[in-house]
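Look at the sequence and the structure below. Then follow the text through some of the contacts inside.

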2 protein chains.
Amino acid sequence: MDEPLLIERRPLPIDGRLGQQLAFLIEVDRLKTVLRASPLAAVDRRENDAEHSWHLALMVAVLAEYADEPVDVGHTIRLVVVHDLIEIYAGDTPLYDDKLRESQVERELAAAERLFGLLPDDQAIEFRALWDEFEARETPEARFAKAVDRLEPNLLNWMAGGGTWKTPGVTTNTVLTRTAHIGEASKTLGDAMATLIDSARHNGWIAAGQQGGTGPE
Amino acid sequence: MDEPLLIERRPLPIDGRLGQQLAFLIEVDRLKTVLRASPLAAVDRRENDAEHSWHLALMVAVLAEYADEPVDVGHTIRLVVVHDLIEIYAGDTPLYDDKLRESQVERELAAAERLFGLLPDDQAIEFRALWDEFEARETPEARFAKAVDRLEPNLLNWMAGGGTWKTPGVTTNTVLTRTAHIGEASKTLGDAMATLIDSARHNGWIAAGQQGGTGPE
């Protein structure tokens, strides 16, 4: 987190407000190098955060009709485009990694300070607010954004015939708990997720777990 | 282009409209495997189309204030999220590859038919229209989307100290011509691009070309 900014390698001959914005837009190139636990469907490698963020944007555009509360599609897409940026410095925290999840909040707050602080003050506030909105899940747009954020890696797990569902200790119960945000934003997508989990358990891709247990959030 | 859909490897236990939408959303995972000519700034490898599309979405959100005509930011982001999808079947056509550019239109039209045809009819029309809008560059949103599509790889070239600017035959004249769409949507960003080109030529990262020549579009 203390390493120099990318822009310091080849400073741009542009300063002022636009110079700050371009420095930020170059620094975020790092998101393409933050690996997630999820396997791609198209080839045998893990997904990175930039690819994931793009995939969520398209999922929002295609699936917004299933949101139980009306959502502003453009705003929801902005939330998902921004939601993982802080992982540039904080790293990815896999959905099924309890140990890393303990230190997640602290790491991510420090990362947000540094990254959004590259922008001009008004935009630092604006983009930080988008991230806060996503995390708080208090608006219909944030709830739907979080729902697709949970749905996407599980679709990839399906296509891999297991993927991160095969993390030691994970059972259908864990997966049901960690994907509960989907049904909270969309009954249709929540039902589809439940169908997927049931079939995946039937196929041996998720270990059977006690139905009705609570499991960690 | 005739290979089976990804979804055929592991059909989902979900049919109807949502089944079609999820099949499309899984097929587009392939965009993460379409390599562009551009080098990343963060690490030494080429960029893929999904990463590029995400980067454009964020650039639109940060730079929209420089559009010479007012733009709907949410709609502009939708355009860039969708604009490269057809490359899943048509492949990427590098900005400085004249030979591939000759067959570009035909390859892309066939790809659009196949890919958008996976969606339910109403969405096939909707998403095809977004792609057509981007390509036609007749709305302020499409013009600004195309401008950032041209700006992004040139920022990466700057960070690489050359990148695709070093394609044989490319001179400052070629780069000026191929980036003209930037200034047509935003005087500020067009001026910044001209400054970059001038400095890059000065640094020996772009070969000097005849100013005022026309060069291919």
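**Rings and helices**

Both Trp158(B) and Trp205(B) are buried, meaning under 20% relative accessible area with a 1.4 Å probe on protein chains only. This is a predicted model, where local features need pLDDT of at least 70, side-chain atom pairs count only at pLDDT 80 or more, and totals for chains, interfaces and linings use all residues. Residues are numbered from 1 along each chain as written, chains are lettered from A and ligands numbered from 1 in written order, and side-chain values use heavy atoms, without hydrogens and water.

Now the aromatic pairs. Rings of Phe, Tyr and Trp (its six-membered ring) pair if their centres lie within 6.5 Å; planes under 30 degrees apart are stacked, over 60 edge-to-face, and the rest tilted. The count is 4 aromatic pairs over all chains. One of them joins Phe24(A) and Phe127(A): it is tilted, at 6.4 Å centre to centre and 50° between the planes. Both of these residues, Phe24(A) and Phe127(A), are buried. Trp158(B) and Trp205(B) form an edge-to-face pair, 4.8 Å centre to centre with 75° between the planes.

Helices here are DSSP runs (H or I, at least four residues), numbered from the N terminus. The contact (heavy atoms within 4.5 Å) involves His75(A), Arg78(A), Leu79(A) and Val82(A) of α3(A), and Phe127(A), Leu130(A), Trp131(A), Glu133(A) and Phe134(A) of α7(A).

Leu85(A) has partners in both chains. Leaving aside neighbours within four places in sequence, Leu85(A) is in contact with residues including Phe24(A), Leu115(A), Trp54(B) and Leu58(B).

Key
Buried < 20%, exposed > 50% of the residue type's maximum accessible area, 1.4 Å probe, protein only. Helix = DSSP H or I, 4+ residues; strand = E, 2+ residues; numbered from the N terminus.
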